[in-house]
Amino acid sequence: MNFVLLHYLLLKGGRDATLLLFSGLGFVPRGLVLQLVEGYLCLQNILIPRGTQDNCCDEASANNSKEEPCFDGEDDPIDNATLVQSSDGEAHYYDFHIVYSNSYRVPVLYFRGYCIDGQPLVLDDIEKDLPANSSKILTESKWTFITQEEHPYLNRPWYTLHPCGTCEWMKLLYANKAPMVKGVPVDQYIISWFSVVGQVIGLRTPLEMMRS
Amino acid sequence: MAGHDNGSVLQFAPFQSSVDEGFWHRLSSLKLNQLGIDESPIFITGFYAPCSHSQVSNHLTLLGESLPPEPSAQSSHLSLRSGNRNRCSVPGILYNTNTLESFQALDKQSLMKAEAKKIWEDIHSGRAEQESSVLSRFLLISFADLKSWKFYYSFAFPALVLDPPAMITSLKPASQCFSLEEADSLTAVCNEWRNSSTTADVPFFLVSIDSNSHATIRHLKDWEVCRSDGYKLLFGFYDPCHLPNNPGWPLRNFIAFICSRWNLQKIRFFCYREHRGFADLGLSLVGEALISVSQEWKLHKHIPKAVGWEVNKGKKTRCITLANSMDPIKLAVSAAELNLKLMRWRALPSLDLHMLSATKCLLLGAGTLGCQVARMLMAWGVRKITLVDSGKVSMSNPLRQSLYTLEDCLNGGEYKALAAVKSLKQIFPAVEADGIVMAIPMPGHPVPSQDEHDVLEDCRRLQDLIDSHDAVFLLTDTRESRWLPTLLSSNANKITITAALGFDSFLVMRHGAGPLVDYRSESMSALSAELGNFSLADRDKRPRLGCYFCSDVVAPIDSTSNRTLDQQCTVTRPGLAPIASALAVELLVGILHHPHRIFAKAEFANSMDNGSTEQPLGILPHQIRGSLSQFSQMTLVGHSSSSCTACCSIVVNEFHNRKMDFVLEAINHPTYLEDLTGLTELKEAANSFDLDWDNDIDDDDECVEI
């Protein structure tokens, strides 16, 4: 299995299917999003709209403004052709990457969250965005925990579902398949994989993907 | 905003920026590796796409690729990073300053003017027709603080101000402005335009609809042709905005371009928006604007005013901090914590990492044992480590004392305690390590009266150190140097662990609780619930576990003078120290996780009797004695002796009452301790014991005369 397998997901369903694939609870793709980049699949800019509740971005900027030096200069002209918008609670954006891990030999999900100004979200904030049953799965399962690792291509810390248990629970998933032929078709594997992993982070796998 | 005949001022939704973390990473490395203090402006590329969601606008995005890739000379003209259907490239310029002060001192007005001038030039020179994305050029000013990894920045999207402003006479969803056929045709050609790699990233275009309801999209440079066609004509652009009643910001300069270049006063525009990647005429808008600027305004030499500094939550400047993903120290700390957390998740859910990181450890001795213990403690997540050693690093040390290198030996050698701390910080910068250069006063090494004051100072200092830490490791190389620390620990009831090496054998043990602890006191009441079944009488009678000296019948004496050469160099097999140090640290972790901690009773390997409290870390022995020659280990127990020279209640009480006077006396007169504890009597009694040897040996044949 190498990154060519990741192609399957993209080619099989085409753009529509993949968009369907990733519009789960509250997640909204902005523009065409799924593409194969340099060996990994990425889904960028998934938006979680938020209400006017306080969130990390507000707090972060509140903290910053205490230490921040004063920036008021002369006011630049605002002309009457400019619409003045009220600032709502800021949305959180997420990027998801599916990368193939050579050492564990399974696909691994990497993700990160951030506010629109680029300020990354910490794990506590991300966990608040996850649907309720995801947190349940995370705390109860001994196979899924979120850790922070260096992204193998971007060389920056991203959050990831640690892959050490993947092999075991994939085996469980296929345990009832009788008889076990020589391995599982590649595209089926990744959809099955995603059906578990997606639950943990609140992404739903639509039935259409399962059927194909 | 329905159509009004007299119209109202056309209000545009401001462009919003979105800067990906990767942009700042790239800028930081550019600054550090190439630019240095060079503050000249940098050409950058922004990316945006038409709105694709009915509730959220699209942003102008900066990514790592927005910055120039090659270190070699930047060309003075633009080389735009190519776009695709997801990212339409827009040229921009970055002014990054070297200090916060110069950031604040930037003349924002003149910078804005300069960009406005460029746009105006591009309009009048015809460049905007060839490369229409220059109409949306933007400006970014920033200050990258590469010490705290904080980035301050402000965006400007210069828009030429029409004077008087444009008026809107109608604005409706596009689906309401076309016939069904026209709409279908338009949708089809839009999707085609968006799918073709040559046109996907062209954000301004002309829409021409002929009398057969057939739509075509053309480049701006085809204007003359379109005009002469006489068909229905709209000016289309990629609209990032989602609002139903306002067009997006790029339309501002587009209108300025249209009216000054092509002299139109009535402009029918098409705000192109998508849904899920396809043209959506329900979200897209069609509107009509009336321009009434004077001829003066259109003159090339009069550069119009420009507005467009981005305002976010009332402020123009934003600040983000990326320390968590860029600061190497923070990265090292989170990686270390990750390791421990994985251990906890996968194998030891009861591991208390917070407690470990808060435990203050005092290491007496920074030699072979001290260096290894310090490293092991850090690996367990202990952050607060104090090392005490009076010696300097000598040439033979680095081989066995794992914190030192050759450099520490030069010029007479660094003080071990200080070199060790430096080394610990290089391994793990977040460690809170302290090095104390101090000798431990020892019995049997009498103190000349002129030094008395200093020695007593050292004693007090040692007592303070022990009192202020949670666990003490005795890792020195003589027996007598362990006496005072043992006494002080006993007095303060601190967790104490001794490691001692022979040539090929070692001892690692934990000292028992001190004798002064009131078993009925408050600290015990927390335990009483757990001790449960034990009766009060049992608890009082349960003997304390012993200390390092409990099994000795001689007081510590001077063991260093009058030694042969091989006795003076502590000769041990190299493998011993790492083994003993590792066991010492594992023992500490076991104690810290045991509910009874210092009061925990001794447990033994391979014993049936470890039932009552099965600890996840395993048994908690009192003593471990190991032998390398046998590759074996034994777990033993030694109970406290009532005549122990270091921890028996007589001695500790005496210390408690007379403090440093007592210590001084013990140091200067070692027999004092033996007298005090009754050891002297014990020895006399043993000597006077008459052994009646049986001289009748029958098997003479077995014996050989020597």
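Analyst: Helices (H or I, at least four residues) and strands (E, at least two) are DSSP runs, numbered from the N terminus. On that rule chain B comes to 24 helices and 25 strands, and chain A to 7 helices and 6 strands. The model is predicted: local features need pLDDT of at least 70, side-chain atom pairs count only at pLDDT 80 or more, and totals for chains, interfaces and linings use all residues. Residues are numbered from 1 along each chain as its sequence is written, chains are lettered from A and ligands numbered from 1 in the order in which they are written, and side-chain values use heavy atoms, with hydrogens and water left out.

User: What pattern does chain A follow along the sequence?

Analyst: Chain A reads α-β-β-α-β-β-α-α-β-β-α-α-α.

User: What makes a residue count as buried, and what percentage of chain B does?

Analyst: Buried means under 20% relative accessible area, exposed over 50%, and partly exposed in between (1.4 Å probe, protein chains only). By that cut-off 51% of the 706 residues of chain B are buried. In chain A, buried residues make up 52% of 212.

User: Why is H7(B) called largely enclosed?

Analyst: Because 11 of its 12 residues are buried, H7(B) is largely enclosed by the rest of the structure. Among them are B:Phe254, B:Ile255, B:Phe257 and B:Ile258, and also B:Arg252 and B:Asn253. After the helix comes B:Asn263, with a positive phi near 60 degrees.

User: What do the buried residues of H12(B) pack against?

Analyst: The buried set includes B:Leu369, B:Val373, B:Leu377 and B:Met378. Contact means heavy atoms within 4.5 Å. The partners of the buried residues are strands S18 (360–364), S19 (384–388), S21 (471–474) and S22 (495–501), with helices H15 (416–427) and H21 (576–593), in chain B. H12(B) is followed by B:Gly381, whose phi is positive, near 95 degrees.

User: Where do the domain bounds of chain B come from, and what are they?

Analyst: They come from an automatic or database domain assignment. That assignment gives domain 1 (14–160 + 313–325), domain 2 (167–302) and domain 3 (331–519 + 528–559 + 567–677).

User: How much area do domain 1 of chain B and domain 2 of chain B bury between them?

Analyst: Buried area is the accessible area (1.4 Å probe) that two parts lose on being put together, summed over both. For these two domains the value is about 3,200 Å², with 58% of it on carbon and sulfur atoms. On the domain 1 side, B:Arg85, B:Trp120 and B:Glu129 lose the most area to domain 2, together 23% of what that side buries. In contact terms, 35 residues of domain 1 meet 36 of domain 2.
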